[in-house]
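Dear colleague,

I am handing over the structure we spoke about, and I would be glad if you could look through it with the notes below at hand.

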Amino acid sequence: MASTTYDAVEASYVVLLKEEGGRELSKEVGLLQGRKPHMTSSMSLRTKSALSLSSRVSSSFLRNVCINLQEVFGTKLALLFPAVPLAVAAQCYGFGHAWVFTLSLLGLIPLAERLSFLTEQISFYTGPTVSGLLNATCGNAPELIIAIFALQKGCIDLVKFSLVGSILSNLLLVLGTSLFCGGVANLGQEQLYNRKQTDANMSLLLMSALSHVLLLMFRYVVNYGEHDVLTFPTLTLSRVGSLVMLTAYIAFIFFQLKTHRQFFESREVNGDDDNVEFGDEAVIGIASAFAWLIGATLVIAVLSEYIVGTIEEASESWGLSVSFISIILLPTVGNAPEHAGAVIFAVKNKLDITLGVSLGSATQISMFVVPLSVIVAWVMGIEMDLDFKTLETSSLAFSILLTAFALQDGASHYFKGLILLLAYIVIASCFFVFKTPNGNISMLIATPT
């Protein structure tokens with residue numbers, strides 16, 4: 001679902017306007033300063049608002065309201081919005097937990113994409129620095145909210161499953177599909193990207209992998225097995241490591257927004273898509289944007305609570321393990337808006353934006369959402385650590401290494417994307433056959449301290 005903290009896309013281009021007399025005027029438009037790749041990706045899913053209908057409204061207040069509604073709901077994913085009230089109705093009238101889970105999952109897709117749009121609107125008023133911090137908080141809001149509700153229920157492994165799955169989805173599925181489709185669509189062209197921003201992201205991802213692998217190795221060194229873990233040393237190392245990871249991510253935000261902004265400037269984005277709007281100013285006011293942002297976050301919170309409360313029943317109804325639903329299915333659906341936007345820009349040979357979307361979102365989850373979840377659990381008195389167990393940690397570490405090797409030369413082709421996609425299929429197959437004890441999520445619930 002997502003999203004990323006990049007000071008990307010500073011572009012200006014010339015639009016030729018024809019007047020009745022045949023005289024052509026040139027007008028410079030589209031300084032997209034302060035926008036992030038996830039915002040640019042969300043613009044690829046925007047549709048042109050039917051402003052001609054709003055202009056027919058006589059009252060200026062009602063006309064502004066209509067324009068506001070058209071801009072907020074003007075997305076190609078608008079067809080999925082009815083899933084939100086249907087999910088609430090299914091929960092209230094007892095249609096079945098599997099229906100509640102499915103509808104809630106579908107409802108999260110357009111809401112996650114709208115968060116990117118609203119953050120983009122606020123960035124026009126706050127500037128890139130505040131916008132970057134806001135994106136760090138809201139960029140992966142669905143994953144963070146689901147993690148908080150799962151922690152409240154004591155479902156620690158469910159939190160770990162969903163976060164690992166989101167990282168794997170961004171690194172292998174989203175990036176792999178984008179590189180593959182972009183390579184096929186541009187067989188006769190060399191697809192280049194900015195290695196400096198890629199290296200910065202991969203450094204943080206490798207640091208994240210190190211933190212998880214060290215905790216896994218620590219457990220084996222102390223106990224030589226999966227059971228009877230000494231809780232206190234593991235928790236202490238995890239909490240210290242989480243604070244270090246959060247510090248590194250804050251330094252990364254400062255690095256990309258202040259001291260080395262030039263490293264994260266994307267290549268020029270051409271306004272050649274008639275279905276995409278690239279405006280150089282906000283389309284809704286900052287008060288409206290904040291109001292819609294709060295409203296969307298509250299709705300996401302409601303749907304997230306439904307998902308956490310019904311995932312066990314959905315697992316039993318579909319005959320799928322909780323681990324497969326949490327690691328593969330949930331992130332795949334949740335990252336659909338980012339997935340679509342990343343593929344669109346890869347096909348247009350704009351790999352800097354594609355990499356900003358996929359790598360940036362994976363970095364944000366691994367270095368911000370994961371350690372923040374550990375800290376929040378600490379405050380709540382719940383023993384969550386950075387030990388994601390052997391299978392999950394191995395999948396995460398090798399996926400990061402595979403992505404780092406694939407992106408080391410600054411150029412891309414379809415074979416790199418194919419390898420990442422095949423790796424994701426192998427991991428998905430592994431979790432498909434992996435069953436949690438008795439297929440019951442209650443076995444994953446930890447007792448709060």
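The notes that follow take up the salt bridges, then a nonpolar surface patch, and finally the cysteines.

Please keep in mind while reading that this is a predicted model.

Salt bridges

The structure holds three salt bridges. In one of them the side chains of Lys-160 and Asp-385 meet, with an N to O distance of 2.8 Å. This pair links distant parts of the chain, since Lys-160 belongs to helix α8 while Asp-385 sits in the loop between α14 (351–379) and α15 (390–406), and the two are 225 residues apart. Lys-160 and Asp-385 are both buried.

Another salt bridge joins the side chains of Arg-195 and Asp-199, at 3.5 Å from N to O. Here both partners lie in helix α9 (residues 195–223), where they are four residues apart, or about one turn of the helix. Arg-195 has a relative accessible area of 36% and is therefore partly exposed, and Asp-199, at 34% relative accessibility, likewise counts as partly exposed.

The remaining pair is Asp-409 with Lys-416, whose closest N and O atoms are 2.5 Å apart. Asp-409 is partly exposed, because its relative accessible area is 48%, whereas Lys-416, with a relative accessible area of 11%, is buried, the cut-off for that class being under 20%.

Nonpolar surface patch

Val-184, Leu-187, Tyr-414, Phe-415, Ile-419, Leu-422 and Ile-425 together make a nonpolar surface patch of about 660 Å². Which helix gives the most to the nonpolar patch? That is helix α16 (residues 414–433), which contributes five residues. Leu-187, also a member of the patch, lies in the loop between α8 (156–185) and β3 (191–192).

Cysteines

A disulfide is a covalent bond between the sulfur atoms of two cysteines. With a disulfide taken as a pair of cysteine sulfur atoms within 2.5 Å, the count for this model comes to zero. As for individual cysteines, Cys-181 counts as partly exposed because its relative accessibility is 26%, and Cys-430, at 31% relative accessibility, also counts as partly exposed.

With best wishes

Technical notes. Residues numbered from 1 in each chain as written. Predicted model: local features only at pLDDT ≥ 70, side-chain atom pairs only at ≥ 80, totals over all residues. Heavy atoms only, no water. Buried < 20%, exposed > 50% of the residue type's maximum accessible area, 1.4 Å probe, protein only. Patch = residues over 30% accessible without salt bridge, like charges linked within 9 Å, V, L, I, M, F, W, Y side chains within 5 Å. Areas by Shrake-Rupley, 256 points an atom, 1.4 Å probe, with all protein chains shown as cover. Salt bridge = Lys/Arg side-chain N within 4 Å of Asp/Glu carboxyl O.
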